[in-house]
Amino acid sequence: MIDPATLLTYVAIVTGFVFIPGPATLLTVARATSSGTKVGLATGAGIAAGDVIHTIMATIGISAIIAASATLFSLIKFAGAAYLIYLGLRAFLAKAPADLSAGQVPMTASGAFWQAIIAEVLNPKTALFFLAFLPQFVDPAAGHVMVQLSILGAVFVTLGLVSTVVFAFGAGGLGAMLRRYPAVQRWQGKVVGSIYCALGLRLAFQSR
């Protein structure tokens, strides 16, 4: 079992980390603002699901393979960057709903959920973060290492989900107000698309 003091330290560090605006926050805010709180929550859930996959990868060692192979790292990085840029261009070029009074939105919750999973899984920096960060709080003398890694990963996913829920509700409320104005609605897709493209370019130019 993980030492309580170590676990509390870990929780404090992760809490500060997940509430600092980053790619996950920007994706959630962009979706919630343009398509509503429900879509923002679905995006946050998709990111959390992607982090679960990263936890499993770190626990069983796949992330170590990615870390050791520059070619594999680059392939995953550019695939993730291309996917984000693709989503950004789609949002940028999409037309605003013709009937704003009907509450039409450019993205469904299920679509946002799956897009967020893919975007998170295809981010090798996240994989390496889990590989490098979680083991620092593992003590082999305290029990099975895989169990400790799983607990730490679960805590990270939970706190990350809490942060995206908070941001989704805040951005969703703001987006609902903005969508009352047709001029704002016409520009929302371009703003969201620009955010996605910027995140994709940021990922593409990141080094290991």
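Which helix holds Ile56? I located Ile56 in helix α3, where helices are DSSP runs of H or I with at least four residues, numbered from the N terminus.

I noted that this is a predicted model, in which local features need pLDDT of at least 70 and side-chain atom pairs count only at pLDDT 80 or more, while totals for chains, interfaces and linings use all residues. Residues are numbered from 1 along each chain as its sequence is written, and side-chain values use heavy atoms, without hydrogens and water.

**Surface entry.** I found Ile56 partly exposed, at a relative accessible area of 47%; partly exposed lies between buried (under 20%) and exposed (over 50%), with a 1.4 Å probe and protein chains only. Val52, Ile56, Ile60, Ile62 and Met146 make a nonpolar surface patch of about 420 Å². Such a patch joins nonpolar side chains within 5 Å, from residues with over 30% relative accessible area and no salt bridge (Lys or Arg side-chain nitrogen within 4 Å of an Asp or Glu carboxyl oxygen). I recorded α3 as giving the most to the patch, with three residues.

**Cavity entry.** I looked for cavities (sets of 1 Å grid points where a 1.4 Å probe fits but cannot get out; lining residues have an atom within 4 Å of a point). The structure holds one cavity of 30 Å³ or more, the volume being the space filled by probe spheres set on the points. The lining of the largest cavity consists of Leu27, Arg31, Leu87, Ala112, Gln115, Ala116, Ala119 and Tyr196. Two or more of these residues come from each of α2 and α6, and α6 gives the most, with four.

Terms used:
Patch = residues over 30% accessible without salt bridge, like charges linked within 9 Å, V, L, I, M, F, W, Y side chains within 5 Å. Areas by Shrake-Rupley, 256 points an atom, 1.4 Å probe, with all protein chains shown as cover. 1 Å grid on protein atoms, 1.4 Å probe; cavity = no way out; pocket = protein on both sides within 12 Å on 5 of 7 lines; lining within 4 Å.
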